[in-house]
Amino acid sequence: MNAPDADFIIIGSGPAGVSAAFPLIAAGRRVLMLDAGDDAGSQEENRSVRILGSDLESLRADDGSSPKLQTPASRGILERFQRESGVGGDGFKPIGSLARGGLSNIWGAQVSYLDARDIADWPIDLACLQNSYERVSQRIGISSNADVTTHANGGAGLPLGATAVHVLRRHEAAQPADRSFRLFPAVNAILSKARPGRAACDLRGDCLYGCPSGAIYNSRQDLLALRRSPHFRLLDNMRAVSLTRGPGWTVETADGSSFSAPRIILAAGVLGTAALLTDLLPIGEEGLRLLNSPTLAIPLLSPARLLRSATPTHSLAQLGLSLRYGDSPSDYVTGAVYEVGSLPGQSFVNRMPLGRKAGRAAFELIAGSLLVATIYYPGDQSRSYIHREVTAKKGLTVRGGFAEGFDIRAAALKNALRREWKRLGLIQLPGASLAEPGIDAHFAGTLPMGEAGPFGTSSDGELNLHPGLYVVDGSILPDLSSKYVTMTIMANADRIAHRLAEMEAASAL
């Protein structure tokens, strides 16, 4: 019998995959990472190509999605996933990545941490995650936005835009007594001070176009450190297509190659992992439950900032917010406020009832006073299911929807937010819209930790039906709060990998 290729095979090079790799190689385990992408050409594109696209993709008709999903890099990543993954959507936008670095190529980079109430129903407690949160935070580099004119305290900071500063000051001067609405400087995975191989943010506003300076965290950056270990091996252009159980596990790839290991770690993203497990899970007519965050986008105008120029800042979230709407621990929304002047203007110009030239002139005139708020509901407000296509050998379709009564809750939330905007001196403009399910890319709950039955996993992410097969991406989060989930996915992957390394060491004694 041939010797296994590694102690662990990790499928996927996104944030979860690299977070699982570090503890394993530190413990001396042999890790093979299979990646569907590569780095070919990633360092060769000039700024005009990154912004406009080699085929002028940025000039295509606006499809109504988030500006960050309409950049040339994002279009290429999403279109390849939709073309090759076998995952389609029905009332749902299937967001995934087969590129090097996974969805960290196009993430918003905003950082949130869950608290004890958020994970009250999980099979682990907050103490199990705390060390992992700290390790991941130190590794990826985090900065808080700061009002430098008031010398804000805290860690490393980046300057807030002038309109965000104005709004934050209004909030701090007259906060709601019950603290039901909170507004605060956003925390982002972006460097304000240079690190080896990564420059500090230069405030050029290229955040959505690949950040050539490396200031925004991308898991591709971690691969450089991982590849220096003799225990780690990365194989390019190896898109995993099937898993077979024998004495151990074998991974087949699209080019006909195969690799074996006693344990496989799936870090392909929720939809990518579901596609790999199609033949291993009894997905019936009801489908596989998928949690996602219903998302609301709200354009805002600050009259006090009208006709004033935007100030240099990054184009990630400027402010974070939260608003409680019920008594249950999960009954709150979170969100982010962006300065429109730092975002790509084309998406906004395309939506104006003006010609392109007139729209551009109007946009430049008022951009410094415009904000966009994105609001995320918890996953229990979604009703999305992954279905296996009977007519396709391995095809999956995600059917999206919202929880019963969600339209009433959404309308009430808009009214509550409208009162807060008024208090902050903001005017909610026409055009507030609920995004198509899936656009949020906050996915979880398909293979929840601690759940019995064929779709459950252990607290260490091991599938109940398939010993030796572990999942470390968002699939195993038992529920989905409205908070940004990437940091928690990375911390949970780190936690699981430390547990696996410990179990391996104990079994060798």
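Analyst: Start with arginine 220, which is partly exposed, with a relative accessible area of 25%. Partly exposed covers the range between buried, under 20%, and exposed, over 50%, so 25% falls in that middle class. Keep in mind that this is a predicted model. Arginine 220 is found in helix α6, which covers residues 219–226.

Now look along the chain. Arginine 220 and valine 18 are 202 residues apart in sequence. In space, their C-alpha atoms are 8.6 Å apart.

Next, go inside. The largest nonpolar core holds 101 residues. Which members touch the most other members of this core? They are Leu243 and Ile264. Helix α11, residues 486–508, gives the core its largest share, nine residues. Take leucine 243 and leave aside its neighbours within four places in sequence. Leucine 243 is then in contact with Ile11, Trp249, Thr250, Val251, Ile264, Leu266, Leu276, Leu277, Leu280 and Leu469.

Is leucine 307 buried or exposed? Leucine 307 is exposed, with a relative accessible area of 59%. That value is over 50%, so the residue counts as exposed. Leucine 307 sits in the loop between β14 (295–301) and β15 (319–324). Together with Leu306 and Leu365, Leu307 makes a nonpolar surface patch of about 300 Å².

Three strands form an open sheet in the order β5-β4-β7, with mixed pairing. β5 and β7 stand at the edges with a single partner strand each, so one side of each has no neighbour in the sheet. Follow the pairs from β4, residues 143–146. With β5, residues 157–159, β4 pairs in the parallel sense over three bridges. Here alanine 146 stands opposite proline 159 in β5. With β7, residues 187–188, strand β4 pairs in the antiparallel sense over two bridges. There, serine 143 has asparagine 188 as its bridge partner.

How values were computed: Residues are numbered from 1 along each chain as its sequence is written. This is a predicted model: local features need pLDDT of at least 70, side-chain atom pairs count only at pLDDT 80 or more; totals for chains, interfaces and linings use all residues. Side-chain values use heavy atoms; hydrogens and water are left out. Patches are made of residues with over 30% relative accessible area and no salt bridge: like charges are joined within 9 Å, nonpolar side chains (Val, Leu, Ile, Met, Phe, Trp, Tyr) within 5 Å. Accessible areas come from the Shrake-Rupley method with a 1.4 Å probe; for residues, only the protein chains shown count as cover. A salt bridge is a side-chain nitrogen of Lys or Arg within 4 Å of a carboxyl oxygen of Asp or Glu. Helices (H or I, at least four residues) and strands (E, at least two) are DSSP runs, numbered from the N terminus. Buried means under 20% relative accessible area, exposed over 50%, partly exposed in between (1.4 Å probe, protein chains only). Two strands pair if DSSP finds at least two bridges between them. A nonpolar core is a set of buried Ala, Val, Leu, Ile, Met, Phe, Trp, Tyr and Cys residues joined through side-chain atoms within 4.5 Å. Contact means heavy atoms within 4.5 Å.
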